[in-house]
Amino acid sequence: MSKINLNIKISQGGTHDCYLHPADDNLCVKTARLDKFKSRTRGLDDFVYFLRHLKFKTSLEDVIQDMSREIKIYKIINKLLPGRVAKIYNLADTDKGLGLVCELVRDFDGSASPDLYKYFKSGHDPQKLLKGLDWIAKRIIMRDLFFLDFNRGNFAAKTLSDNKIIIIIIDLKSLNRTGFQGFLHLERIFSPLARIIMYRRLKRLYKNLNLEFKLNNLCRKKFLSNFIVKIRI
């Protein structure tokens with residue numbers, strides 16, 4: 001199968017570049033940022049790799065592994081949050097390396113839905129996001145879906161034909177992952193610890209959008225509801 005040639009970059013994150021799929025305007029392809037990561041070799045580089053991990057950094061191999069992991073996560077999360085997760089299709093060979101083919105979220109008029117960072121920066125009223133964000137947050141909390149990175153770039157604001165805005169999750173790799181690549185990872189097993197991290201970062205997302213977080217009672221109710229993380233990928 002021939003490689004997909006990617007030419008139009010539509011966004012860039014900390015670890016990924018995102019390109020418009022050349023054959024379908026409703027798809028995008030996420031690839032590792034080749035300007036930031038290099039493949040490692042054995043020997044001394046393995047020790048350097050270990051030290052880099054302790055400094056919250058990652059490698060090209062980690063980014064590619066996360067792509068395969070996102071496909072597995074999508075198959076589970078899409079059933080629990082129907083209609084609120086951008087579709088993930090498959091891995092594909094591209095001229096930028098291995099890529100993850102995903103849905104490009106679009107508004108009812110066909111324009112690309114902005115992520116929450118772009119939506120906020122563009123001067124739109126963040127209060128219009130509140131109902132959709134609450135919908136996502138409540139279900140994440142109730143269903144113990146421990147997403148541990150609430151970067152505004154991980155969510156898109158999709159406008160429907162009635163001008164209602166729903167929030168779509170467009171990045172799944174932070175399920176049970178804090179970003180720290182060291183050892184222990186107790187938050188992946190012990191759910192109260194995962195809740196502490198998730199609730200704090202979720203509240204920070206609301207604060208960054210100038211929105212009031214009104215789910216504290218729900219957070220307290222769920223805090224000791226169980227002690228073991230059930231969904232682990």
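This is a predicted model: local features need pLDDT of at least 70, side-chain atom pairs count only at pLDDT 80 or more; totals for chains, interfaces and linings use all residues.
## The E1–E2 hairpin

Strands E1 and E2 form a hairpin with three residues between them. Strands here are DSSP runs of type E with at least two residues, numbered from the N terminus. E1 and E2 pair in the antiparallel sense over three bridges. Two strands count as paired if DSSP finds at least two bridges between them.

Residues are numbered from 1 along each chain as its sequence is written, and side-chain values use heavy atoms, without hydrogens or water.

In E3, Thr31 is the bridge partner of Asp17.

Is E2 buried or exposed? Five of its five residues are buried, so E2 is largely enclosed by the rest of the structure. Buried means under 20% relative accessible area, with a 1.4 Å probe and protein chains only. Both faces are covered. His16, Cys18 and Leu20 lie on one side, and Asp17 and Tyr19 on the other.

## The whole sheet

The five strands make an open sheet in the order E1-E2-E3-E5-E4, with antiparallel pairing. E1 (9-12) and E4 (88-94) stand at the edges. Each has a single partner strand, so one side of each is left without a neighbour in the sheet. The twist averages 30° from one strand to the next.

E3 (residues 27-32) pairs with E5 (residues 97-103) in the antiparallel sense over five bridges. Lys30 has Leu100 as its bridge partner in E5. Helix H2 (residues 60-80) packs on the sheet and touches E2, E3, E4 and E5. Contact means heavy atoms within 4.5 Å. Helices are DSSP runs of type H or I with at least four residues. The direction of H2 makes about 150° with that of E4. Axes are lines fitted to C-alpha atoms, for helices over the stretch in contact, and angles run from 0 to 180 degrees between N-to-C directions.

## A pocket

The second largest pocket has a volume of about 170 Å³. A pocket is an open set of points on a 1 Å grid where a 1.4 Å probe fits, with protein on both sides within 12 Å along at least five of seven lines; lining residues have an atom within 4 Å of a point. The volume is the space filled by probe spheres set on the points.

Among the lining residues are Asp107, Tyr119, His124 and Ile165. By class, the lining has four nonpolar, three polar and three charged residues. Tyr counts as nonpolar and Asp as charged.

Definitions and conventions. Buried means under 20% relative accessible area, exposed over 50%, partly exposed in between (1.4 Å probe, protein chains only).
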